[in-house]
Amino acid sequence: MKNRQKTKRAAVICLAAACAAVLLNPAGTKTVYAAEQSSKDSDKESELSRLKLSEDLAPDVMESALRIVTMEGKIITAITAFPRRTDYSLPSFPEVLQNPELPKGCEITALTMILNYYGFDIDKTEMSDKYLPKAPENLRYGADGRLLGTDLNHYFIGDPAGDGHVCGTGAIITAANTYLGEQESSRRAIDQNGATPEKLYQLVCQGIPVIVWVTIGMEKRRPTTGWNTEEGAFVEWSTNDHAAVLVGYTEKTVKIADPLKGLVEYDKEDFEASFISRSNQCVILQ
């Protein structure tokens, strides 16, 4: 027990001292687990491999991108612990407004802002016209009486330049990765669906802007219209659905690159409620 406590204390001291730094693996080690991977079922790893930095280390350290792992009594390594900040804002984030060209195109405009932030010279209308997958609602009743329609998670319903509704993360990921592939970029868009608001703030603190599915003005979501897809999923949208980019936060507010308004601050609780009402949908580039 004493040896285990010493090992844990040594790891804590090592990580706290190396905050925001990358530690090299000792010679002969071979395993590092990404944060998304579960290591709880491994018989070879100690309790230390399951510690979350945000819960078990010093209060000024937040959860790292990778976990600590020990094997055969040795610390394999720790990687990238980020300092916990009560406020942070990305510097010089580009503003792109959806209007007048794309009155329904908040999602593709938000993606365009992130692409511009990472140095890609592309405009919103080209992203919409060339890369965003679009489809009509195609509403009809199936043999079982259910209302069927297009999967709005993977297609923009209608036209962002005119009569359209919304799209989900799948459509934006397709648009982003088709464009990035043409540019021969190693970056790719990935969804972070299900992320907690705290996870969003961690990403921003690491310099990563996040496309978030919210509501206009962070107001309460209006009643929704929905249908089933051929694959069996239920999809829905509301007249005040919106998408924007989270680029900063404080203890009480968030900073949003809003396709309707530019860079604005919203109440943090209002933002979190709006984000959760849209099922915690979000996308990043990495």
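**Salt bridges, surface charge and local backbone features**

A search of the whole structure finds 7 salt bridges. The structure is a predicted model, and the features described below were computed from its atoms. Side chains of opposite charge can pair when their charged atoms come close.

One of these pairings is formed by Lys124 and Glu101, whose side chains meet in a salt bridge with an N to O distance of 2.7 Å. The two residues belong to distant parts of the chain, with Lys124 in helix H4 and Glu101 in the loop between E5 and H3, 23 residues apart.

Glu230, at 54% relative accessibility, counts as exposed.

Arg221 and Asp241 form another salt bridge, the closest N and O atoms being 2.8 Å apart. This pair again links distant parts of the chain, as Arg221 is placed in the loop between E11 and E12 and Asp241 in strand E14 (residues 241–249), 20 residues apart. Both Arg221 and Asp241 are buried. The two residues take part in a network of salt bridges that links Arg221, Glu236, Asp241 and Arg278.

A patch of negative charge on the surface gathers Asp121, Asp123, Glu126, Asp129, Asp159 and Asp163. Within this group, Asp123 is located in the loop between helix H3 (106–117) and helix H4 (124–131). Its relative accessibility of 38% places Asp123 among the partly exposed residues.

The cysteines were examined for disulfides, for which two sulfur atoms must lie within 2.5 Å. By this rule the count comes to 0 disulfides. The sulfur of Cys106 has its closest cysteine sulfur in Cys167, at 7.5 Å, and this distance is too far for a bond. Cys167 is accordingly in no disulfide, the nearest cysteine sulfur being that of Cys106, 7.5 Å away. Both side chains belong to buried residues: the relative accessible area of Cys106 is 5%, and Cys167 counts as buried at 1% relative accessibility.

Strand E11 (residues 210–215) contains Val212, and Thr215 is placed in this strand as well. Val212 counts as buried at 0% relative accessibility, and Thr215 is likewise buried at 0%. Contacts across the sequence were found for each. The C-alpha atoms of Val212 and Phe275 are separated by 7.0 Å, although these residues are 63 positions apart along the chain. Thr215 and Asn240 are 25 residues apart in sequence, with a C-alpha to C-alpha distance of 5.5 Å.

Most residues other than glycine have a negative phi, and most peptide bonds are trans. A cis peptide bond, with omega of about 5°, joins Asn99 and Pro100. Pro100 is found in the loop between strand E5 (88–89) and H3. Ser92 is placed in this loop between E5 and H3 too, and its phi is near 55°, a positive value in a residue other than glycine. Ser92 is exposed, with a relative accessible area of 72%.

A positive phi is also present at Ser279, which is not a glycine and has a value of about 65°. Ser279 is located in the loop between helix H7 (268–277) and strand E17 (282–285). At 55% relative accessibility, Ser279 counts as exposed.

Note on methods: Residues numbered from 1 in each chain as written. Predicted model: local features only at pLDDT ≥ 70, side-chain atom pairs only at ≥ 80, totals over all residues. Heavy atoms only, no water. Patch = residues over 30% accessible without salt bridge, like charges linked within 9 Å, V, L, I, M, F, W, Y side chains within 5 Å. Areas by Shrake-Rupley, 256 points an atom, 1.4 Å probe, with all protein chains shown as cover. Salt bridge = Lys/Arg side-chain N within 4 Å of Asp/Glu carboxyl O. Lys, Arg positive; Asp, Glu negative; His and termini not counted. Charge placed at Lys NZ, Arg CZ, Asp CG, Glu CD. Helix = DSSP H or I, 4+ residues; strand = E, 2+ residues; numbered from the N terminus. Buried < 20%, exposed > 50% of the residue type's maximum accessible area, 1.4 Å probe, protein only.
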